[in-house]
Structures are given as C-alpha cells and as structure tokens.
Amino acid sequence: MPLKWVLNWQPNAGSTVNSQILNEVSQCVESINGVKEGRWKATLTFYKPMLRDQALAADFPRDFLGISLPEQPNKYYFILRGHKIVLEADSSIQLIMEKLQSYKSRVALNFEGFQYQLGDFQLRVGKVVPTHSENLRGIVMEVEYLPISSLEKSRQVMDEFVDIWQDTVSKRSLPGHFLHIEPNFSDYGLADHYTSQHTAVQYAHVMAQLIASVQAGQAARN
C-alpha cells in the first residue's frame with residue numbers, strides 16, 4: 001500500500017492551536033494546486049480496564065489505544081506503546097469488547113478534515129477534536145506518496161516534499177510548524193514495506209506528542 005507520514009502541528013511557545021491556523025494550512029494546500037477530493041476521518045480511543053479489583057490495575061497496560069482508519073473500514077488497530085505492540089483485528093472486536101466488559105473507552109478523539117490530490121501525493125489535513133465536541137485539540141496532516149511502499153526508498157522524496165511544504169507554510173508567518181518524528185517501526189516488529197499498522201503506530205506517537213505539547217503549554221501558563 002502507499003506509504004504515508006503523519007505530522008502534527010507544533011505551536012510556538014506560548015501559543016495554542018486554533019481554527020484560523022487550520023484554515024490557513026488548508027489554503028496552503030490549495031495554493032500549491034492541491035485538488036480537494038472530499039472528507040476523511042479517523043478515530044483514536046484510549047481504553048481503560050474495567051476492574052472489579054483495583055489492586056490488579058498494575059497488571060494492565062495504561063496506554064492501551066485503539067484506532068479506526070478510513071482506508072481499512074473493516075479493520076481495527078490496537079497499539080500498546082509501552083510494550084511496543086501493534087495488532088490488527090476485525091472491526092467487530094469493538095462490539096466484543098463491549099459485551100465482555102473488559103475495557104471501556106476513557107476518551108475518544110476524531111481526526112477529521114479534507115483530502116487533497118497533488119500529483120503523486122495525497123494530503124489529508126484535519127483537526128483533532130474529542131468525540132461529541134468541537135473543542136480543537138490539535139492539527140494533523142497525512143502526506144501519502146502513492147507510487148512507493150518502501151520506507152527507505154521513499155525517504156528522500158518525502159523529505160524533499162515536506163521541505164517544500166514547510167517553506168510554503170512558513171510564508172504565512174503562523175505561530176508554529178508541522179513536526180514529523182518517525183517512530184522506530186522495527187521496535188513494533190514492522191518491516192520496511194508499509195502497512196496500515198505503520199499508520200496506526202504513527203497516530204499513537206502523534207497523540208503522545210500532542211499531549212506533551214498541551215502539557216508544556218499549560219506548564220508555561222502556570
């Protein structure tokens with residue numbers, strides 16, 4: 001499948017994300033001839049164990065995430081960052097978990113926005129909002145390179161594209177920049193050939209970055 005990078009918006013110190021930045025970023029895509037193709041949405045859920053005995057809490061992973069991806073509607077992905085595990089399951093696993101009452105959703109976040117076609121690239125720019133809320137928590141961008149599925153072979157062209165993109169965004173003097181930190185996929189047992197499990201792992205890491213930047217912003221204000 002095509003390879004993708006997931007980037008998140010890193011606000012400058014003392015600033016926060018807002019819908020104006022999201023609008024300007026979307027305008028940037030259109031300014032480099034990105035053709036809007038429609039909407040996209042992914043949902044990431046933090047799970048917590050439903051324990052009858054709280055003394056067992058230490059036996060269960062704290063960072064247990066699940067994610068549904070638009071390109072794989074019949075699949076569901078679990079990520080345990082602390083244990084470096086990623087699993088692919090049938091989407092019906094969510095119903096099974098509900099019936100078993102083993103884990104329940106602690107918080108769910110939607111990544112949603114517009115998809116653009118730009119030559120051999122597909123860009124998805126979207127906001128991060130809690131389910132049932134419009135409270136903006138972050139901005140993400142997927143850069144998908146359609147011809148290649150090898151992480152190593154695509155690295156140079158992805159670097160060059162992201163450099164051009166960052167240059168385009170910087171001309172708008174926005175209070176922040178897009179950040180790409182690639183997880184060590186081999187830690188999760190993932191190979192060079194790109195799969196949806198790579199995407200799931202990237203979203204888990206982006207989520208950790210978003211939480212860290214929110215906490216840093218709160219600390220700076222205090």
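A helix here is a DSSP run of type H or I with at least four residues, and helices are numbered from the N terminus. The model is predicted. Just after helix α1, N33 takes a positive phi of about 70°.

Helix α1 itself covers residues 19–31. Its 13 residues reach 18 Å from the first C-alpha to the last. This is close to the 18 Å expected at 1.5 Å a residue. At the start of α1, a side-chain oxygen of N18 comes to within 3.0 Å of the backbone nitrogen of Q20. The buried residues of the helix are I21, L22, E24, V25, S26, C28 and V29. An α-helix has 3.6 residues a turn, so residues three or four places apart point the same way. The buried residues of α1 pack against several strands, among them β1 (3–11), β6 (103–118) and β7 (121–130). They also pack against helix α3 (151–170).

The wider fold was examined next. The protein has four helices and nine strands. From the N terminus on, the elements run β-α-β-β-β-β-α-β-β-β-α-β-α. Along the principal axes, the C-alpha atoms fill a box of roughly 55 × 45 × 30 Å. Of the 222 residues, 45% count as buried. Among contacts with a separation of 6 or more, 66% come from residues 24 or more positions apart.

Nine strands form an open sheet. Their order is β5-β4-β3-β2-β6-β7-β8-β1-β9, and the pairing is antiparallel. Strands β5 (85–90) and β9 stand at the edges. Each has a single partner strand, so one side of each is left without a neighbour in the sheet. On average, neighbouring strands are turned by 25° against each other, direction ignored. Strand β2 (residues 35–49) pairs with β6 in the antiparallel sense over 14 bridges.

The relative accessibility of E142 is 2%. Buried means under 20%, so E142 counts as buried. Its side chain makes a polar contact of 2.9 Å with the side chain of K4. A polar contact of 2.6 Å joins the side chains of E142 and Y203. Leaving aside residues up to four places away in sequence, E142 touches K4, W5, V6, W40, Q122, L123, R124 and Y203.

S15 sits in the loop between β1 and α1. With a relative accessible area of 23%, S15 is partly exposed. S15 and P175 are 160 residues apart along the chain, yet their C-alpha atoms are separated by 6.7 Å. The side chain of S15 reaches the backbone oxygen of P175 at 3.2 Å.

Definitions and conventions. Residues numbered from 1 in each chain as written. Predicted model: local features only at pLDDT ≥ 70, side-chain atom pairs only at ≥ 80, totals over all residues. Heavy atoms only, no water. Buried < 20%, exposed > 50% of the residue type's maximum accessible area, 1.4 Å probe, protein only. Polar contact = N/O pair within 3.5 Å; in protein donor to acceptor, adjacent residues only side chain to side chain. Contact = heavy atoms within 4.5 Å. Helix = DSSP H or I, 4+ residues; strand = E, 2+ residues; numbered from the N terminus. Expected span 1.5 Å × (residues − 1). Pairing = 2+ DSSP bridges. Axes fitted to C-alpha atoms, helices over the stretch in contact; angles between N-to-C directions.
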